[in-house]
Amino acid sequence: MSKATIQSLPSCVGEAKRLAALLGLPLQEIALHRFPDREMRVTVGRAASTTILYASLDQPNEKLIAILFAAEALRRTGAKRLVLLAPYLCYMRQDTAFSQGEAISQRAVGQLLAGIMDRVITVDTHLHRTTDIRMVFPGIEADNLSAMPAIANALRTAGMDPTTIVAGPDAESGPWVSDLSGRLGLAQVVARKIRRGDRSVQIEFPDPASIAGRPILLVDDIVSSGGTLVACAKALKAAGAEAIDAVITHALFPAELAAEFAGAGIRSIRSTCSVPHPTNAIPLDALFANALRSEIDG
Ligand code: R5P
């Protein structure tokens with residue numbers, strides 16, 4: 001039996017298979033059985049001393065239970081070190097109680113995972129008031145990788161108009177906008193966003209005149225309801241943008257929204273493979289393989 005192995009939730013087994021091949025590790029798919037009353041039986045493969053759990057945590061509620069049970073089975077059957085590779089890490093946006101009585105989901109999920117894992121690896125996770133991912137996972141190792149080098153490479157290979165402006169919808173997108181525009185040698189702009197509800201946001205760009213006639217590359221970490229992207233596209237169109245393309249790390253939106261995006265003037269949307277989705281265009285296998293090499297070699 002290999003010293004390390006990868007075990008994957010069924011929803012991301014295609015991505016896990018590619019990673020396992022790159023690292024030369026065996027891959028096993030975790031089996032989930034749903035009972036009629038909606039409880040779940042989780043069956044893992046044979047544990048190795050180091051077991052990497054590949055579980056992207058979009059639509060997370062059932063998946064969190066699945067990895068909780070998988071961790072129990074793996075520890076009991078011989079895993080000494082459990083590494084969670086969660087390309088999309090759920091519940092990170094609620095990092096404070098905005099109103100009296102609200103749960104801080106980031107803290108609750110962080111404590112849950114810190115209690116069952118030795119290391120958590122994710123990518124472009126939404127950290128705002130919490131500046132360092134290690135604060136989310138007390139007492140264990142944690143890495144927040146950046147997808148920006150892989151995104152920049154993909155865009156460079158596809159070819160970029162040098163007059164493109166890289167645009168972000170809000171202050172939180174600022175670091176990604178700066179990183180990507182710096183890598184590509186392009187101008188940048190960051191809008192101001194006011195959120196009015198789950199699907200309703202207001203977007204204002206600081207100097208709309210500078211956008212007129214320019215191609216725009218919209219960058220964000222997450223697209224979920226699509227409200228932010230649509231409001232951005234409308235503001236950019238109103239300012240006279242020549243064309244609008246979008247690139248995002250985590251595509252959480254239903255594929256049917258594509259028509260609405262096109263209607264708002266968005267020419268293309270590309271996402272990384274962090275969450276399996278029809279817009280996936282940017283693989284992260286090499287990024288994850290590099291982060292995991294020490295688990296195999298060391
Ligand atoms: C929030 O600050 C995030 O960076 C995204 O802008 C947000 O989650 C997108 O959500 P939606 O697609 O629902 O507007």
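Me: At what angle do helix α1 and helix α8 pack, and how far apart are their axes?

Reply: This is a predicted model. In it, helix α1 covers residues 13-23 and helix α8 covers residues 285-297. They pack at an angle of about 55 degrees. Their axes are 10 Å apart.

Me: How do I put a word to that angle of α1 to α8?

Reply: Angles under 35 degrees count as roughly parallel, and 65 to 115 as roughly perpendicular. The value here is about 55 degrees, which makes α1 oblique to α8.

Me: In which hand does α1 pass α8, left or right?

Reply: The crossing of α1 with α8 is right-handed.

Me: Which residues of α1 and α8 meet?

Reply: From α1, look for R18, L19, L22 and L23. Across from them, α8 brings D285, A286, F288, A289, L292, R293 and I296. By class, this contact holds eight nonpolar and three charged residues, with no polar ones.

Me: Now take α4 and α5. At what angle do they pack?

Reply: Helix α4 spans residues 148-158, and helix α5 spans residues 174-184. Their angle is about 40 degrees, with the axes 10 Å apart. That makes α4 oblique to α5. The crossing is right-handed.

Me: Which residues make the contact of α4 with α5?

Reply: On α4 they are M148, P149, I151, A152, L155 and R156. On α5 they are W176, D179, L180, R183 and L184. Sorted by class, the contact of α4 with α5 has eight nonpolar, no polar and three charged residues.

Me: Are α2 and α3 parallel or perpendicular to each other?

Reply: Start with the cut-off: under 35 degrees counts as roughly parallel. Helix α2 (residues 60-76) and helix α3 (residues 105-114) pack at about 20 degrees, with axes 11 Å apart. The two are therefore roughly parallel to each other. Here α2 passes α3 in a left-handed crossing.

Me: What residues meet between α2 and α3?

Reply: L64, I67 and L68 of α2 meet V109, L112 and L113 of α3. This contact divides into six nonpolar, no polar and no charged residues.

Me: Let us turn to the ligand. How many residues surround the ligand?

Reply: The ligand is surrounded by 15 residues. The closest are R93, D220, D221, S225 and T228.

Me: How far is the side chain of R93 from an oxygen atom of the ligand?

Reply: For a polar contact, look for a pair of N or O atoms within 3.5 Å. In R93, a side-chain N or O atom is 2.8 Å from a ligand oxygen atom.

Me: And what distances do S225 and T228 show?

Reply: An N or O atom in the side chain of S225 is 2.6 Å from an oxygen atom of the ligand. For T228, a polar side-chain atom lies 2.5 Å from a ligand oxygen atom.

Terms used:
Residues are numbered from 1 along each chain as its sequence is written. This is a predicted model: local features need pLDDT of at least 70, side-chain atom pairs count only at pLDDT 80 or more; totals for chains, interfaces and linings use all residues. Side-chain values use heavy atoms; hydrogens and water are left out. Axes are lines fitted to C-alpha atoms, for helices over the stretch in contact, and angles run from 0 to 180 degrees between N-to-C directions. Helices (H or I, at least four residues) and strands (E, at least two) are DSSP runs, numbered from the N terminus. Angles under 35 degrees count as roughly parallel, over 145 as roughly antiparallel, 65 to 115 as roughly perpendicular and the rest as oblique. A crossing is left-handed if the near helix is turned anticlockwise from the far one by less than a right angle, and right-handed if clockwise. Contact means heavy atoms within 4.5 Å. Ala, Val, Leu, Ile, Met, Phe, Trp, Tyr, Cys and Pro count as nonpolar, Asp, Glu, Lys and Arg as charged, and the others, Gly among them, as polar. A residue is near a molecule or strand if one of its heavy atoms lies within 4 Å of it. A polar contact is a pair of N or O atoms within 3.5 Å; within protein, one must be able to donate a hydrogen and the other to accept it, and residues adjacent in sequence count only if both atoms are side-chain atoms.
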